[in-house]
Amino acid sequence: MKKAYIMLCMAGCAAGILAGCGGKIEQTAEPFLYGDLTEVGDEYVVVGFAQVGSESDWRRANTNSFNETFTEENGYYLLYEDGQQKQENQLKAMRNFILQEVDYIVLDPIVETGWDGVLEEAKDAGIPVILSDRYAETADASLYTCWVGSDFEEEGRRAGEWLAMYLENRGRTREEIRIVTLQGTPGSTAQLGRTEGFGQILEQHGNWTMLDRQSGDFTQAKGEEVMEQFLEDYEDIDVVVCENDNMAFGAVEAIRKAGRTCGPDGDIIVICFDAMEAALEAMMRGEINAAFECNPLLGPEVDEIIQALERGEPVEKTRYVEETYYDTSMDLETILENRAY
Ligand code: GZL
C-alpha cells in the first residue's frame, strides 16, 4: 500500500442532470478526494479513475457504478476525474494519480491511441493500470494489466442481424434499404467496433446502401444536428443506426421536426446502442425500434480484478461483460421493472 495523501474537497461536481427529453440518468455528486491533507491508512486501497466525461446516460450510469463500488466501506479511497471528453484532461489526471502514488489507475480511454507515454510512466512508478470500457492501443501489452468491457464488434453484428430479420419479417428483402449512421466519438473503441460489426452484415446485403456516416460524438445535441443534415441531404432514409441511445433521442427529435415519422409504425427505422432505461421507454412510446445493450456496470468487474491482484492472483488480460438486445416485440414494461439500468 503506497502512502497516498488525500484531501477531501467537495469541489463542485454537481449532479449532471441531463436537460431535455430522452436522457434521464443523473450523475450523483461525489466527494472529490485529492491533494495532500490526510494520510490514508494501509487498510485502504487508493484507486485513481480517469473517466471519459459525462456525455451520455450510459456514461453517468458507468460513473455511478464506480462511485457505488469504490467506497470506504468496501475498503477503497476513489480519486475520480471527469475528462470532459478531452484526452489531454485524462492524461493530466493520470499524471496526477502517479504523483499521488495511488495503488491502481483505472482508465476509460476516450480514444484508442496516444497513451503509450503515460502508461510507461505508470509502469515506471509501479502502478498497475486497468482499462475499463474503451481500449487503448499500446506498443507493449505489458503497459496495462487488463481490459474489461463490451464486445463492440459483436454489438454491431447483432444490430445488423436484427435489421436483416426485421426487414425479412416485413417482406422487404428485395427493395433498396437506404441507411445512415450517427457514429460515436471518432476513434473510440465503441465507435470502431460498432461501425465494423454492423459493416460486416451490411456487406452481406446487396440491397442495403449506407448513404452516410457522421459523428454525433455520443451526445443528444450533436445527434440531432447531424440527423437534421442527413434529412436535408438524403430523400428517402429507411434506417438510422445510432451508436448510442442519446444520439437516437436527438435523431428522433430531428425526424419529428422534419415532419417525418419513425419507429415500428413510422417510415424510418431507428436502432441504437446502450439500451439504457430511457431507450426502452422511447421504444414503448413507439419512437425507437430496437436497442442493443452495452452493460455500464463495470465497477463490480474492476473491483473483482483489483481484489484478485491484491491477493497476488493472475487476472485475464481481456474480460467481456454479458449483453443482449431489446425490441418492441418484447414485454418492455416487465423488462424495465427487473433491470438495474
Ligand atoms: C460504450 C461507451 C460509449 C457508450 C456511449 O462502452 O464507451 O460511450 O455507448 C458513451 O453512450 O458515451
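Modeller: What follows is a walk around the ligand site. This is a predicted model, where local features need pLDDT of at least 70, side-chain atom pairs count only at pLDDT 80 or more, and totals for chains, interfaces and linings use all residues. Residues are numbered from 1 along each chain as its sequence is written, and side-chain values use heavy atoms, with hydrogens and water left out.

Start with the shell. There are 13 residues around the ligand; a residue is near if one of its heavy atoms lies within 4 Å. E55, D133, R134, R194 and D274 come nearest. By type, the shell holds 5 nonpolar, 2 polar and 6 charged residues. Here Ala, Val, Leu, Ile, Met, Phe, Trp, Tyr, Cys and Pro count as nonpolar, Asp, Glu, Lys and Arg as charged, and the others, Gly among them, as polar.

Where do these residues come from? Domain 1 (4-149 + 296-310) and domain 2 (152-294 + 327-337) each give at least three. The bounds come from an automatic or database domain assignment. Helices α1 (57-69) and α5 (189-202) each supply at least two. Helices are DSSP runs (H or I, at least four residues), numbered from the N terminus.

- E55: a side-chain N or O atom is 2.5 Å from a ligand oxygen.
- N244: a polar side-chain atom lies 2.9 Å from a ligand oxygen.
- R59: a polar side-chain atom lies 3.0 Å from a ligand oxygen.

Taken alone, the ligand exposes 310 Å², and the protein buries 100% of that. These areas use the Shrake-Rupley method with a 1.4 Å probe.

Methods. Polar contact = N/O pair within 3.5 Å; in protein donor to acceptor, adjacent residues only side chain to side chain.
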